[in-house]
Amino acid sequence: GNSARDAARAAAAHEGEHLLLGDHVEVLFDGLLQARGGHGELDAALGGLVPAQHVNQRAAEAVAAAHAVDDVDGVFPGEEGRVAVVEHAAPAVVTGREGGAQRDGHISEAEALLQPARHVDVAVIETGLGGRLDSTNIITPRACVITNISYDHMAQLGHTLTSIAHEKAGIIKSGIPVVIGEAEGDVRRVFEEKAREESAPIYFAQESDVLTSCRPDENGQWAIDSRDYGYLTYELDGLCQEKNAATILCALRILRQQGFAITPEAVKEGFAHVTTLTGLQGRWQKVGSLPPAYCDTGHNTGGFRYISQQLAGIKCRTLRIVFGMVNDKDISGVLSMLPREAVYYFTQASIPRAMPASVMRDKAAESGLKGDVYDSVPEAYRAALHDSCDEDFVFIGGSSFVVADLLAFLEANKKN
């Protein structure tokens, strides 16, 4: 799990500036803030600050991981604009094995990046694949953020953390400051070496003094004592948010040093209302009450390091987990982190990259996890609810796409 868009939007006082965030963050100012590794929370957190300052902006949400939000600031570009962008980008579209165009967010990215007429004051761009090969590298940012490194997109990025770090470090640009959320040992050395090569100032959020304390409150949010902004309430739930908050605040400090006018009021508003301001979903999000049901988009070992801790602290009669992943992740690594006492409902998201539920069940059995197979996320979720009593707990996750299918199903049910 990981968060950055709030800070980016907060910095929107300099019209026409560029800011970029690394693994899963987005863009700031008529240009970009490139982020890698932090995922949508960092994007949304930074992105919520600009609306809080009432600055005209259109954030480009062009990430397949978002899946549930495929638009520009909640507004789709429209058919004519979409056709024009697709025609412009068509020569660069990579075709899949069956000869058809693969949709992994790249057309959406083009739609977002090729619409300068939308008067973007602040753009927080989340990289997709991330790093050296990412399409967002056409952007010259004002800052970059890399939240962490985990086993992800291994077919393209490599099968060791250092090889993945080398690829992710590709967003570090000459002379552009970069914030690293967390990195240890060889991974840290990769980033330090790349920053030296590029003469890029590098900052490690885990070593900064931006947080004096951070603790969950009784409302399931985070109570933060910050060095620069005093007391903050952070709306996002989940154990990963403490490190995300430090990364956001570190990025904000750098932006202020660059002359961005970021007010304490905007920061407080952005942290307190990140989901309202940005539409971010799926971060330890409550979707049901009796039984309690939560979903989370964590989809690799880095994310499940926190999710597994969270699940371990749940007091319930029976823990029921609706679970599916896509096939380019460290699936065995994630499965080894899941609780064996839970009852599993193995399923698959409605995308080609989803691992078939029956294959997932067989892999899970090797880790001592047991459950049945369901053809779709809604079917698996309904089965989990049917089997539950009020004292049970239901978790839905393993993939951003699984969560997206769930949220789409729940939204459709609301309308019916």
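Mentor: Let us begin where helix H15 begins, keeping in mind that this is a predicted model: at the start of H15, a side-chain oxygen of serine 376 comes to within 3.2 Å of the backbone nitrogen of glutamate 379.

Trainee: Which residues of helix H15 are buried, and what covers them?

Mentor: In H15, which spans residues 377-387, the buried residues are Val377, Pro378, Ala380, Tyr381, Ala383 and Ala384, and their cover includes strands S10, S11, S12, S13 and S15 together with helix H16.

Trainee: How are two packed helices described?

Mentor: In general, one gives the angle between their axes and the distance between the axes. Here H15 and H16 pack at an angle of about 75°, their axes being 9 Å apart, which makes H15 roughly perpendicular to H16. On the H15 side the contact is made by Val377, Pro378, Tyr381 and Arg382, and on the H16 side by Val402, Asp405, Leu406, Phe409 and Leu410; by class, this contact has seven nonpolar, no polar and two charged residues.

Trainee: With which residue does arginine 320 meet in a salt bridge, and which parts does the pair tie together?

Mentor: The side chain of arginine 320 meets that of aspartate 392 at 3.0 Å, N to O. Arginine 320 lies in strand S12 and aspartate 392 in the loop between H15 and S15, so the pair ties together parts 72 residues apart in sequence. Both arginine 320 and aspartate 392 are buried. Aspartate 392 also forms a salt bridge with arginine 317, with the closest N and O atoms 3.1 Å apart, and arginine 317 counts as exposed because its relative accessibility is 54%.

How values were computed. Residues are numbered from 1 along each chain as its sequence is written. This is a predicted model: local features need pLDDT of at least 70, side-chain atom pairs count only at pLDDT 80 or more; totals for chains, interfaces and linings use all residues. Side-chain values use heavy atoms; hydrogens and water are left out. Buried means under 20% relative accessible area, exposed over 50%, partly exposed in between (1.4 Å probe, protein chains only). Helices (H or I, at least four residues) and strands (E, at least two) are DSSP runs, numbered from the N terminus. Contact means heavy atoms within 4.5 Å. A polar contact is a pair of N or O atoms within 3.5 Å; within protein, one must be able to donate a hydrogen and the other to accept it, and residues adjacent in sequence count only if both atoms are side-chain atoms. Axes are lines fitted to C-alpha atoms, for helices over the stretch in contact, and angles run from 0 to 180 degrees between N-to-C directions. Angles under 35 degrees count as roughly parallel, over 145 as roughly antiparallel, 65 to 115 as roughly perpendicular and the rest as oblique. Ala, Val, Leu, Ile, Met, Phe, Trp, Tyr, Cys and Pro count as nonpolar, Asp, Glu, Lys and Arg as charged, and the others, Gly among them, as polar. A salt bridge is a side-chain nitrogen of Lys or Arg within 4 Å of a carboxyl oxygen of Asp or Glu.
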